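Trainee: I would like a close look at one part of this model, the helix packing. Please take me through it step by step.

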Amino acid sequence: MRTRRAATAGKLTVVLATLALVLAGCGGPSPRVWAASVCEALTPWRAEINKLTSSTQQQMTAQTTPAQAKENLVRLFAGAEQASETARRKVEQAGVPETDHGAEISAGFRASLSKVRDAYGRARDTIDGLDTGEAKAFYDGVRAAVETLNKEYDASALDTGKLSSTELKQAFDEVPECR
């Protein structure tokens with residue numbers, strides 16, 4: 001009885017070890033699957049950022065009190081921060097594409113979204129800290145915060161020149177989620 005259990009345990013160990021090797025040999029998603037996942041994460045994010053940008057511009061020209069503008073802008077920038085974090089998390093969940101420099105490319109996308117998220121958070125905090133007692137000073141502070149946000153947003157762009165992958169470029173061009 002003991003040898004039968006030992007033999008069964010030995011066979012189970014071999015099966016589990018083989019399965020572990022097979023799974024370890026499997027890399028991340030294919031370039032096409034990864035590109036589709038990333039585009040599925042970024043498409044709603046872009047739409048939300050565009051909507052929030054438009055709302056921010058409207059808020060800057062609306063005839064509201066500084067207190068109302070502050071409340072609205074803080075809410076808008078918090079929404080942009082959250083949308084950026086959601087997109088970053090979804091890109092992270094997409095994994096690492098099985099391609100040359102896949103880990104660097106995935107990390108670059110996540111880092112870019114983290115920088116955007118943080119830029120919106122800083123803009124939100126800056127505007128939240130502005131005094132609304134003097135309208136001109138408040139709106140000057142808002143303009144300065146938005147200028148800083150725009151600079152930080154531009155600086156957060158992913159440098160794709162360093163992170164090139166022929167397979168990913170082709171995948172981003174071909175998958176329907178990216179069109």
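How many helices and strands does the secondary structure of the protein chain come to? And what does the packing around helix H2 look like?

Mentor: Keep in mind that this is a predicted model. The secondary structure comes to six helices and zero strands. Read from the N terminus, the order of elements is α-α-α-α-α-α. The protein chain has 179 residues, and 34% of them count as buried. Take the contacts with a sequence separation of 6 or more: 81% of these join residues 24 or more positions apart.

Now the packing itself. Two packed helices are described by the angle between their axes and the distance between the axes.

Start with H2 and H4. Helix H2 covers residues 31-61, and helix H4 covers residues 102-128. Their axes come within 13 Å and cross at roughly 15°. An angle under 35 degrees counts as roughly parallel, and H2 and H4 are therefore roughly parallel to each other. The crossing of H2 past H4 is left-handed. On the H2 side, the contact involves Trp-34, Val-38, Leu-42, Trp-45, Ile-49 and Thr-53. On the H4 side, they meet Ile-105, Ser-106, Phe-109, Leu-113, Val-116 and Tyr-120. By class, this contact of H2 with H4 has 10 nonpolar residues, two polar and no charged.

Next, H2 against H6. Helix H6 spans residues 166-174. The axes of H2 and H6 come within 8 Å, with a crossing angle of roughly 55°. H2 and H6 are therefore oblique to each other. H2 passes H6 in a right-handed crossing, whereas its crossing with H4 is left-handed. From H2, the contact with H6 uses Pro-31, Arg-32, Trp-34, Ala-35, Val-38 and Cys-39. From H6, the partners are Glu-167, Leu-168, Ala-171, Phe-172 and Glu-174. The class count for H2 with H6 is eight nonpolar, no polar and three charged.

Look at Val-38. This residue lies in H2. Val-38 takes part in the contact with H4 and also in the contact with H6. Its relative accessible area is 0%, so Val-38 is buried. Leaving out residues up to four places away in sequence, Val-38 touches Val-91, Phe-109 and Phe-172. Val-38 and Ser-106 are 68 residues apart in sequence, with 9.4 Å between their C-alpha atoms.

Trp-34 is listed in both contacts too, with H4 and with H6. Trp-34, Phe-109 and Phe-172 form one aromatic cluster. Phe-109 belongs to the H4 side of its contact with H2. Phe-172 belongs to the H6 side.

Move on to H4 and H5. These helices pack at an angle of about 170°, and their axes are 9 Å apart. An angle over 145 degrees counts as roughly antiparallel, and H4 and H5 are therefore roughly antiparallel to each other. H4 contributes Val-116, Ala-119, Tyr-120, Arg-122, Ala-123, Thr-126 and Ile-127. H5 answers with Val-142, Ala-145, Leu-149, Glu-152 and Tyr-153. The residues divide into nine nonpolar, one polar and two charged.

Then the aromatic pairs. There are six of them. In one, Tyr-120 and Tyr-153 sit edge-to-face, 6.0 Å centre to centre, with 75° between the planes. Tyr-120 lies in H4 and Tyr-153 in H5 (residues 135-155), so this pair ties together parts that are 33 residues apart in sequence. Tyr-120 is buried, at 5% relative accessible area. Tyr-153 is partly exposed, at 28%. For Phe-138 and Tyr-139, the ring centres are 5.0 Å apart and the planes are at 75°, so that pair is edge-to-face. Phe-138 and Tyr-139 are both buried.

One backbone detail remains. Most residues other than glycine have a negative phi. His-101 has a phi near 60°, a positive value in a residue other than glycine. His-101 is found in the loop between helix H3 (66-93) and H4. With 45% relative accessibility, His-101 counts as partly exposed.

How values were computed
Residues are numbered from 1 along each chain as its sequence is written. This is a predicted model: local features need pLDDT of at least 70, side-chain atom pairs count only at pLDDT 80 or more; totals for chains, interfaces and linings use all residues. Side-chain values use heavy atoms; hydrogens and water are left out. Axes are lines fitted to C-alpha atoms, for helices over the stretch in contact, and angles run from 0 to 180 degrees between N-to-C directions. Helices (H or I, at least four residues) and strands (E, at least two) are DSSP runs, numbered from the N terminus. Angles under 35 degrees count as roughly parallel, over 145 as roughly antiparallel, 65 to 115 as roughly perpendicular and the rest as oblique. A crossing is left-handed if the near helix is turned anticlockwise from the far one by less than a right angle, and right-handed if clockwise. Contact means heavy atoms within 4.5 Å. Ala, Val, Leu, Ile, Met, Phe, Trp, Tyr, Cys and Pro count as nonpolar, Asp, Glu, Lys and Arg as charged, and the others, Gly among them, as polar. Buried means under 20% relative accessible area, exposed over 50%, partly exposed in between (1.4 Å probe, protein chains only). Rings of Phe, Tyr and Trp (its six-membered ring) pair if their centres lie within 6.5 Å; planes under 30 degrees apart count as stacked, over 60 as edge-to-face and the rest as tilted.
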